[in-house]
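Colleague: Please take me through this model with a few careful questions, and give the cut-offs of each term as it comes up.

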Amino acid sequence: MTDTDYGIRISQKGSDVFSADDNDVVFTSKFALFKGSISGVGIASTTTTTMQTISIEHGFGYIPSVLVNIAPFPYTYFYRSPINVSGLDHDYWFHHYATTTHLYIRFRRTVAASTSWYYSYFIFIDKGKI
Amino acid sequence: MIIFYNKTTGNIFATIDGRMHTTAVIDCMITDSSVNEKDVDKIVIGFEKLDGGKTKEHNMDMFDMVQKFENDKRPEHPLKYKVDKNKLVRQT
């Protein structure tokens with residue numbers, strides 16, 4: 001077995017999963033689809049309105065799809081990044097972006113206040129279309 | 001699991017989940033703009049996936065902690081722990 005001849009294939013009923021053409025199978029991991037993820041959690045704090053940046057290295061060499069959730073203390077709400085929440089009780093601002101080497105998560109408050117930020121992230125493994 | 005922590009305080013500030021990682025992922029770094037990068041260190045717990053289907057073990061004496069963090073009914077949260085003398089110690 002080599003690096004190029006393994007993966008997952010699902011054939012249609014009556015079709016040989018080993019010999020069917022790629023275009024005739026229901027599913028093949030040969031094509032662009034998420035093949036796993038790097039995931040984790042973290043916590044950081046801010047005391048001023050200065051932007052806080054978390055840098056998560058992935059080193060894939062391509063820009064991956066990513067998903068980031070952020071919960072500012074007291075963790076009552078879990079927001080999907082990016083978001084700009086302004087209101088009587090909230091003044092949170094955060095977003096994220098990915099490059100070929102890193103996922104960056106950035107957040108701040110628009111008023112100076114000591115805040116802890118809990119986040120979770122998923123970096124999906126697949127070159128995709130970008 | 002890969003645990004990133006501040007060497008000066010022992011505070012854990014980020015993790016990469018999982019039991020098996022490629023060498024490329026193990027070599028990755030997570031930094032926080034409020035932490036001096038020179039103060040960041042990491043602990044790898046679990047298996048490193050090597051070429052030829054081989055694996056390398058890392059800090060398997062701490063592997064029971066990974067299982068506590070992965071427990072789907074009563075998970076322990078890694079961010080509630082500190083690194084103290086290369087051991088994970090729960091903070092109150």
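**Salt bridges and strands**

Colleague: What is the relative accessibility of Arg19(B)?

Modeller: Arg19(B) counts as partly exposed, a class that lies between buried (under 20% relative accessible area) and exposed (over 50%), with a 1.4 Å probe and protein chains only. This is a predicted model, in which local features need pLDDT of at least 70 and side-chain atom pairs pLDDT 80 or more, while totals for chains, interfaces and linings use all residues; side-chain values use heavy atoms, without hydrogens and water. Residues are numbered from 1 along each chain as its sequence is written, and chains are lettered from A and ligands numbered from 1 in the order of writing. The relative accessibility of Arg19(B) is 37%.

Colleague: Which side chain meets that of Arg19(B) in a salt bridge?

Modeller: A salt bridge here is a side-chain nitrogen of Lys or Arg within 4 Å of a carboxyl oxygen of Asp or Glu, and for Arg19(B) the N to O distance is 2.7 Å. Arg19(B) lies in the loop between strands S2 and S3 of chain B and its partner in helix H2 (residues 63-70), so the pair ties together parts that are 51 residues apart in sequence; helices (H or I, at least four residues) and strands (E, at least two) are DSSP runs numbered from the N terminus. The partner, partly exposed at 34% relative accessibility, is Glu70(B).

Colleague: How many residues apart in sequence are the parts that Arg9(A) and Asp22(A) tie together?

Modeller: The closest N and O atoms of this salt bridge are 2.8 Å apart. Because Arg9(A) lies in strand S1 of chain A and Asp22(A) in the loop between S1 and S2, the pair links parts whose separation in sequence is 13 residues.

Colleague: Why is strand S3 (residues 37-46) of chain A largely enclosed, and which strand do 10 bridges join to S3(A)?

Modeller: Because 7 of its 10 residues are buried, S3(A) is largely enclosed by the rest of the structure. Ser37(A) stands opposite Phe124(A), and the strand that runs antiparallel to S3(A) is S10 (residues 115-124) of chain A.

Conventions:
Pairing = 2+ DSSP bridges.
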